[in-house]
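Have the viewer open and follow along.

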Amino acid sequence: MRKGYMKFVFLLPAVVWVLIFTIYPLIDSLRLSFFTYRLGMGVGEFVGFQNFIDLFKSPDYWNAFRVMLIYVCVAVPAEMALGLGFAWVFARELKGKAVFRTIFTSPLFTTGVAVGYLGVTMFHETGGPINYLLSFFGTQVPWLSTGFWATVAILLLDIWRWTPFAFIILLAAIQSVPEEMYEAASLDTASEFQIFRYITFPSILPAFTIALLLRLIEAFKQFGLVFSLTEGGPGRTTEIYCVLNYRTSIKYFDFGHGSAMAFLLLLIVMIVVVQFFGRMRKIYE
């Protein structure tokens with residue numbers, strides 16, 4: 001009997017941690033989304049779904065939603081495509097590939113805030129190294145003073161930071177494909193593209209799907225890089241979803257609307273995850 005209880009003793013710290021730092025905040029945040037609650041003033045009156053209705057009527061909310069979609073739809077496909085391309089190339093025996101892997105994967109171990117502050121220096125319009133190099137070609141780019149170029153700067157930094165994530169996963173997947181499959185395919189064709197299309201990619205599709213799903217979930221939560229680089233500016237042109245949520249909850253202490261925003265984002269992520277697992281189930285049935 002004692003041995004039977006021991007497994008619960010070892011599980012207890014993890015269960016307590018989840019209950020205190022995940023389940024309880026989730027339930028309490030859901031409760032607050034139905035109240036007018038401002039920090040320091042206590043929980044106000046019950047308003048039902050009014051906080052959600054206010055968000056749907058807010059142009060700032062839809063602007064943040066649009067910025068998030070642009071970021072997700074551009075950065076994530078670019079990172080997956082570049083990661084797959086680099087993995088395909090460096091899965092072969094090449095000189096110096098160990099050094100390349102070390103250098104290429106180093107951005108993955110940085111934080112979003114650190115990358116954002118690095119971008120402030122790199123994309124500085126008068127003293128930054130990028131505009132200094134562009135000056136030799138007779139051009140200067142207003143990186144952080146216009147909405148379009150600030151968005152481009154965010155995307156470039158994010159692609160630089162997260163491409164190694166896809167690279168590591170897909171490289172491991174490619175290297176796990178049996179060599180016999182390549183040898184058999186080489187008897188029918190010498191085309192590298194056809195081998196990749198019919199042998200490599202189908203074999204690594206599960207790993208590719210998981211990497212894409214993990215990256216999508218992380219992309220929807222983007223905050224640190226954007227906030228440290230532009231703080232959502234100029235104006236509100238780069239105010240991504242989580243930055244608006246931060247301002248609503250932490251800066252303006254409006255936890256009612258902030259909690260509603262958080263649960264709408266949770267709903268979006270859940271829909272994406274369910275769709276992905278539904279498609280994966282169809283592939284392997």
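Arg 66 sits in helix 3. In this predicted model, Arg 66 is partly exposed, with a relative accessible area of 42%; that figure falls between the 20% and 50% cut-offs, so Arg 66 counts as neither buried nor exposed.

As a bit of background, a pair of packed helices is described by the angle between the axes and the distance between them. Here are the two pairs side by side.

| Helix pair | Angle between axes | Distance between axes |
|---|---|---|
| Helix 2 (residues 50–57) and helix 3 | roughly 70 degrees | within 5 Å |
| Helix 3 (residues 59–90) and helix 9 (residues 192–220) | about 140 degrees | 10 Å |

Take the pair with helix 2 to begin with. At roughly 70 degrees, helix 2 is roughly perpendicular to helix 3, because angles from 65 to 115 degrees get that label. On the helix 2 side you'll find Leu 55, Phe 56 and Lys 57, and they meet Pro 59, Tyr 61 and Trp 62 in helix 3. By class, that contact has five nonpolar residues, one charged and no polar ones.

Then there's the pair with helix 9, at about 140 degrees. From helix 3, the residues in contact include Met 68, Tyr 71, Val 72 and Trp 88, while helix 9 brings, among others, Phe 196, Phe 201, Ile 204, Phe 208 and Arg 215. What classes do the residues of this contact divide into? There are 16 nonpolar, one polar and three charged.

Next stop, helix 5 (residues 112–122). Its buried residues are Gly 112, Val 115, Gly 116 and Gly 119. They cover an arc of only 100 degrees around the axis, so they end up on the same side of helix 5. The general rule behind such patterns is that an α-helix has 3.6 residues a turn, so residues three or four places apart point the same way. And what do the buried residues of helix 5 pack against? They pack against helix 7 (147–175) and helix 10 (224–229).

In the loop between helix 10 and helix 11 (241–251) you'll find Pro 234, joined to Gly 233 by a cis peptide bond with omega at about 0 degrees. Glu 231 is found in the loop between helix 10 and helix 11 too. Its phi is near 55 degrees, a positive value in a residue other than glycine, and Glu 231 is partly exposed at 45% relative accessible area. Phe 253 is another non-glycine residue with a positive phi, near 60 degrees. Phe 253 lies in the loop between helix 11 and helix 12 (255–284), and at 38% relative accessibility it counts as partly exposed.

Zooming out, the protein has twelve helices and two strands, in the order α-β-β-α-α-α-α-α-α-α-α-α-α-α along the sequence. Its C-alpha trace spans about 75 × 75 × 35 Å along the principal axes. Of the 285 residues, 39% count as buried.

Key. Residues numbered from 1 in each chain as written. Predicted model: local features only at pLDDT ≥ 70, side-chain atom pairs only at ≥ 80, totals over all residues. Heavy atoms only, no water. Axes fitted to C-alpha atoms, helices over the stretch in contact; angles between N-to-C directions. Helix = DSSP H or I, 4+ residues; strand = E, 2+ residues; numbered from the N terminus. Contact = heavy atoms within 4.5 Å. Nonpolar A, V, L, I, M, F, W, Y, C, P; charged D, E, K, R; others polar. Buried < 20%, exposed > 50% of the residue type's maximum accessible area, 1.4 Å probe, protein only. Arc of directions from axis to C-beta. Parallel < 35°, antiparallel > 145°, perpendicular 65-115°, else oblique.
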